[in-house]
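Welcome, and please open the model in your viewer. We will go from stop to stop, with something to select at each one.

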Amino acid sequence: MIERDISSRKDIKLIITKFYDLLLNDVIMIPFFEDIVIKNHLNEHLEIISDFWNDILFQTTSYKNNTMQKHIDKNAFIKFKKEHFAIWTSYLFTTIDANFSGEVAEQMKNRATSIATVMQLKMNLYKS
């Protein structure tokens with residue numbers, strides 16, 4: 001059993017790197033990231049995503065982008081479906097659980113669920 005909680009940006013970067021390893025090897029998910037890989041911007045992207053999560057978990061102010069707008073823009077070219085969000089959260093949770101355990105790890109999973117829900121609502125993937 002893992003007994004170490006997420007405690008630093010370095011821990012977040014580890015999670016994000018391993019998480020993206022899963023995403024980039026999934027034939028359903030890779031189309032969302034092909035432009036990043038083709039342009040060889042993966043390392044830069046991982047740093048940006050690590051900043052995003054560091055801000056959320058440790059109240060820093062490094063992330064300067066509009067996360068929702070980035071995903072809405074991407075959705076104009078490749079449509080997000082509910083299954084994409086399910087895969088995304090599954091891989092993120094698997095990665096967190098394989099490496100960390102504790103309050104911050106649970107907070108990251110809870111926030112990811114909230115983010116995925118809001119994005120789906122804003123992209124009209126939830127129909128009443």
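Is glutamate 34 buried, exposed or partly exposed? Select it and show the surface: glutamate 34 is partly exposed, with a relative accessible area of 40%. For these words, buried means under 20% relative accessible area, exposed over 50%, and partly exposed in between, with a 1.4 Å probe and protein chains only.

Before moving on, a word on what you are looking at. This is a predicted model, in which local features need pLDDT of at least 70 and side-chain atom pairs count only at pLDDT 80 or more, while totals for chains, interfaces and linings use all residues. Residues are numbered from 1 along each chain as its sequence is written, and side-chain values use heavy atoms, with hydrogens and water left out.

**Stop 1: around glutamate 34**

Glutamate 34 sits in helix α2, residues 34-38. Helices here are DSSP runs (H or I, at least four residues), numbered from the N terminus.

**Stop 2: the loop between α3 and α4**

Helix α3 covers 42-58, and α4 covers 67-75. Select glutamine 59 in the loop between them. Most residues other than glycine have a negative phi. Glutamine 59, although not a glycine, has a positive phi of about 50 degrees. Glutamine 59 is exposed, with a relative accessible area of 61%.

Threonine 61 belongs to the loop between α3 and α4 as well. Threonine 61 is exposed, at 62% relative accessible area.

**Stop 3: the nonpolar core**

Which residues have the most contacts inside the largest nonpolar core? Select Ile6, Ile16, Trp53, Trp88, Leu92 and Met108; the core itself has 35 residues. A nonpolar core is a set of buried Ala, Val, Leu, Ile, Met, Phe, Trp, Tyr and Cys residues joined through side-chain atoms within 4.5 Å. Helices α1, α3, α5 and α6 (103-122) each supply at least two residues of this core.

Centre the view on tryptophan 88. Leaving aside residues up to four places away in sequence, it touches Phe19, Leu23, Met29, Trp53, Ala112 and Ala116; contact means heavy atoms within 4.5 Å.

Next, pick alanine 112, in helix α6. Alanine 112 is buried, with a relative accessible area of 0%. Its C-alpha atom lies 9.2 Å from that of tryptophan 88, 24 residues away along the chain. With residues up to four places away again left out, alanine 112 touches Trp53, Trp88, Thr89, Leu92 and Phe93.

**Stop 4: helix pairs**

Two packed helices are described by the angle between their axes and the distance between the axes. Axes are lines fitted to C-alpha atoms, for helices over the stretch in contact, and angles run from 0 to 180 degrees between N-to-C directions.

Show α5 and α6 together. They pack at an angle of about 170 degrees, with their axes 10 Å apart. That makes α5 roughly antiparallel to α6; angles under 35 degrees count as roughly parallel, over 145 as roughly antiparallel, 65 to 115 as roughly perpendicular and the rest as oblique. The residues of this contact divide into 10 nonpolar, three polar and three charged. In these classes, Ala, Val, Leu, Ile, Met, Phe, Trp, Tyr, Cys and Pro count as nonpolar, Asp, Glu, Lys and Arg as charged, and the others, Gly among them, as polar.

The axes of α3 and α6 come within 10 Å and cross at roughly 115 degrees, so the two helices are roughly perpendicular to each other. Phe52, Trp53, Ile56, Leu57 and Phe58 of α3 make the contact with Val104, Gln107, Met108, Arg111, Ala112 and Ile115 of α6.

Finally, show helix α1 (residues 9-24) with helix α5 (residues 82-99): their axes come within 9 Å and cross at roughly 135 degrees. That makes α1 oblique to α5.
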